[in-house]
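This report describes the fold and the aromatic contacts of one protein model. The sequence and the structure come first, and the description follows.

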Amino acid sequence: MQVDAVVLDIDGVLVDVADSYRRAIIESIERVYGDTIEKAAVQQFKDAGGFNNDWELTYAAALFVLAGRESTVADIAAFTDAIAERGGGLDAAEAVVRDLLDDPAEDRVFDAWNREQLRDVFQTLYLGTDRYRDIEGGEPPFTAPGYIHDEPLLVDGETLSALQDRFAVGVVTGRPAAEADIALERVGLDLPAEHRFTMDDWEEGKPHPAALQTLAERFDAERVAFAGDTLDDVATAVNADAADDDRVYYGIGVLTGGLTGDAGRQTFANNGASAVIESVTDLPELLDAV
């Protein structure tokens, strides 16, 4: 793992989003439908794959809630396992619901499923009233302070300096560009636009390898480490390594997101992680050790 470039995820790696993005997922569904999922279920959707976009995770979880009103739906573990078996992501969640319900019940669920409303509520909860106006360009549906202010930093300046002194550093994140800018400014990581990929920069999203490969090319790097807190992050590195014969990519699992402790370490290892660290602050030491 003698790398010459390091790429970082933002959520769960540079900032803690347990009380911001993940809280917004749960409360958006509650506000729209009067019922929601448990906090732990967010990680089960993440582990199913294909939910790097938290709006889409919200839509899928809302489908689970709505389907539960029509029949005895499998529990959340069985539901997310079924999503994983279909390849993960929102399309798979829709397919699972269609398989579970008869035609009239299916019609009722999808008629009630309002992705636009869920997104508006999510953005209001997350951004707050003023930032919603600035970023979304309109009036929010209600007044909110914004959970974006409840994101403790997971990295310090010393760690970022140690990485930037030794390696080319980039970011690949599922955040929209404006929200990525806010987080990067807070942590003090100043990167040129060409050294980061956000939701706005590529259609496929993780775990598609295109963004990671493109950064490797821009850095003229031969060996790239990608540190992230989800299985999709590790899969992005695994997929890049399989797709790119000219370079080597390492996926490094970080235990400050939804996957934690010994169980999280094992889950990362079982899914192709080259290494697992407790925190991104351990990354310079890891790379020094190898």
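## Basis and the aromatic cluster

Rings of Phe, Tyr and Trp (its six-membered ring) are taken to pair if their centres lie within 6.5 Å, and planes under 30 degrees apart count as stacked, over 60 as edge-to-face and the rest as tilted. By this rule F45, F51, F64 and F79 form one aromatic cluster, and the structure holds seven aromatic pairs.

The model is predicted, and local features need pLDDT of at least 70, side-chain atom pairs count only at pLDDT 80 or more, while totals for chains, interfaces and linings use all residues. Residues are numbered from 1 along each chain as its sequence is written, and side-chain values use heavy atoms, with hydrogens and water left out.

## Overall form

The protein has 13 helices and six strands; helices (H or I, at least four residues) and strands (E, at least two) are DSSP runs, numbered from the N terminus. The radius of gyration is 19 Å, which agrees with the value near 19 Å for a compact globule of 290 residues; this radius is taken over C-alpha atoms, and the globule rule is 2.2 Å times the number of residues to the power 0.38. Along the principal axes, the C-alpha atoms fill a box of roughly 60 × 40 × 30 Å.

Buried residues make up 54% of the 290 residues, where buried means under 20% relative accessible area, exposed over 50%, and partly exposed in between (1.4 Å probe, protein chains only). The protein exposes about 12,400 Å², of which carbon and sulfur atoms supply 41%; accessible areas come from the Shrake-Rupley method with a 1.4 Å probe, and for residues only the protein chains shown count as cover. Among contacts (heavy atoms within 4.5 Å) between residues at least 6 apart in sequence, 69% join residues at least 24 apart.

## Two domains

An automatic or database domain assignment divides the protein into domain 1 (5–16 + 152–288) and domain 2 (18–147). Their centres, taken over C-alpha atoms, are separated by 25 Å, and the contact takes 17 residues from domain 1 and 18 residues from domain 2.

## Aromatic pairs and charges over rings

A pair of aromatic rings is described by the distance of the centres and the angle of the planes. Y21 and F122 form a stacked pair, 6.1 Å centre to centre with 20° between the planes, and this pair links distant parts of the chain, with Y21 in helix α1 (residues 21–33) and F122 in helix α7 (residues 115–136), 101 residues apart. Y21 counts as buried at 4% relative accessibility, and F122 counts as buried at 1%. The rings of F197 and W202 have their centres 6.3 Å apart and their planes at 75°, so this pair is edge-to-face; both F197 and W202 are buried.

Two arginines sit over phenylalanine rings, a charge being counted there if NZ of Lys or CZ of Arg is within 6 Å of the ring centre and within 35 degrees of the ring normal. The charged end of R31 lies 3.9 Å from the ring centre of F142, and R98 lies over the face of F110 at 4.0 Å from the ring centre.

F79, a member of the aromatic cluster, has its place in helix α4 and counts as buried at 1% relative accessibility.

In helix α5 (residues 90–100), the buried residues are L90, A92, A93, E94, V96 and V97. Their cover includes α3 (54–68), α4 (76–85), α6 (103–112) and α7.
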